[in-house]
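Student: I would like to work through this model with you. Please show it first.

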Amino acid sequence: MSETRDKRRRTDLDAFVLALIDSGISTPYELQKMASLSPGATIPALERLLEGGLVSQGKAGVRDRAAYKTTAAGRRWLKSAWRSLIDDGPRGDLDADLRVALLALWAGGARRLATDFLHQSAARKLKSVATLEENTDQKSAVPLAAWYQKLRSAAAMAQLKGESTAASTMADVLPRSLSGKLPPDKRTTR
């Protein structure tokens, strides 16, 4: 992975974690339980935010859990960081693209930018499917190798198509704002 992609990945995760802290989720445990973020990703993000002066850490409380708070510098950074992530365009990782779209909505109130970003993410995935389809014509004289390549390509295309559909669906159901209550779950139970 190139240094630029890795830095971009850290930036979108760091900004998202910072936004969650600013929203009241203040410990690694809460980040895991309330936002489904892994401690393996969030603890390094919290360390980077702390080193950058974007958060402050309180005293350890129950079970040695220390709460984090957004600093004034963190709030200023958050107000601008989301925009550069939008301007850079989708990176192809569905989770990262969703974080960026939600940051645009939460920090910038930019629903149109967020939905456009997710639609761009969907289009990028479909473009990858087309590229894979073009490259599946490789033939191998060894049937085992040929079938392995063919089935891996089919699985990758199916996954990309599914992620494209998911990104488009998320764009279509993105709320007008992130304040207030969540809408009721519309799934039916049996």
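Student: Where is the place of alanine 19?

Tutor: This is a predicted model, so local features need pLDDT of at least 70, side-chain atom pairs count only at pLDDT 80 or more, and totals for chains, interfaces and linings use all residues. Residues are numbered from 1 along each chain as its sequence is written, and side-chain values use heavy atoms, with hydrogens and water left out. Helices (H or I, at least four residues) and strands (E, at least two) are DSSP runs, numbered from the N terminus. On that numbering, alanine 19 sits in helix α1.

Student: Is alanine 19 buried or exposed?

Tutor: Buried means under 20% relative accessible area, exposed over 50%, partly exposed in between (1.4 Å probe, protein chains only). Alanine 19 has 6% relative accessibility, so the class is buried.

Student: Which residues does alanine 19 touch, not counting residues up to four places away in sequence?

Tutor: A contact means heavy atoms within 4.5 Å. Leaving out residues up to four places away, the residues touched by alanine 19 are Leu78, Leu103 and Trp106.

Student: What pattern does the protein follow along the sequence?

Tutor: There are seven helices and two strands. Read along the sequence, the pattern is α-α-α-β-β-α-α-α-α.

Student: What is the mean pLDDT of the protein?

Tutor: pLDDT is the predictor's confidence in each residue, from 0 to 100. Here 86% of the residues reach 70 or more, and the mean is 86.

Student: Over residues 180–190, how many contacts does the model have beyond near neighbours in sequence?

Tutor: Residues 180–190 have pLDDT below 50. Where pLDDT is low, the predicted coordinates should not be read in detail. Beyond near neighbours in sequence, the number of contacts for residues 180–190 is zero.

Student: Which residues of the largest nonpolar core touch the most other members?

Tutor: A nonpolar core is a set of buried Ala, Val, Leu, Ile, Met, Phe, Trp, Tyr and Cys residues joined through side-chain atoms within 4.5 Å. In soluble globular proteins, nonpolar side chains tend to be buried together. The largest core here has 32 residues, and those touching the most other members are Val17, Leu31 and Leu103.

Student: Which element gives the largest share of this core?

Tutor: Two or more residues come from each of α1 (3–22), α3 (39–51), α4 (72–88), α5 (94–108) and α6. Valine 17 touches Leu31, Leu37, Thr42, Ala45, Leu46 and Leu49, not counting residues up to four places away in sequence. The largest share of the core is eight residues, from α1.

Student: Which residue meets aspartate 12 in a salt bridge?

Tutor: A salt bridge is a side-chain nitrogen of Lys or Arg within 4 Å of a carboxyl oxygen of Asp or Glu. A search of the whole structure finds six. For aspartate 12, the N to O distance is 2.9 Å and the partner is arginine 99.

Student: How many residues apart in sequence are the parts that aspartate 12 and arginine 99 tie together?

Tutor: Both aspartate 12 and arginine 99 are buried. Aspartate 12 lies in helix α1 and arginine 99 in helix α5, so the pair ties together parts whose separation in sequence is 87 residues.

Student: Which residue forms a salt bridge with aspartate 14?

Tutor: Aspartate 14 is buried, at 9% relative accessible area. The closest N and O atoms are 2.8 Å apart, and the partner is arginine 48.

Student: In which helix do arginine 112 and aspartate 116 both lie?

Tutor: These two form a salt bridge, with the closest N and O atoms 3.3 Å apart. Arginine 112 is exposed at 59% relative accessible area, and aspartate 116 is partly exposed at 29%. They are four residues apart, about one turn of the helix, and that helix is α6.

Student: How far apart are the end C-alpha atoms of helix α7?

Tutor: The expected span of a helix is 1.5 Å times one less than its number of residues. Helix α7 (residues 143–173) has 31 residues, so the span should be 45 Å. The model agrees, with end C-alpha atoms separated by 45 Å.
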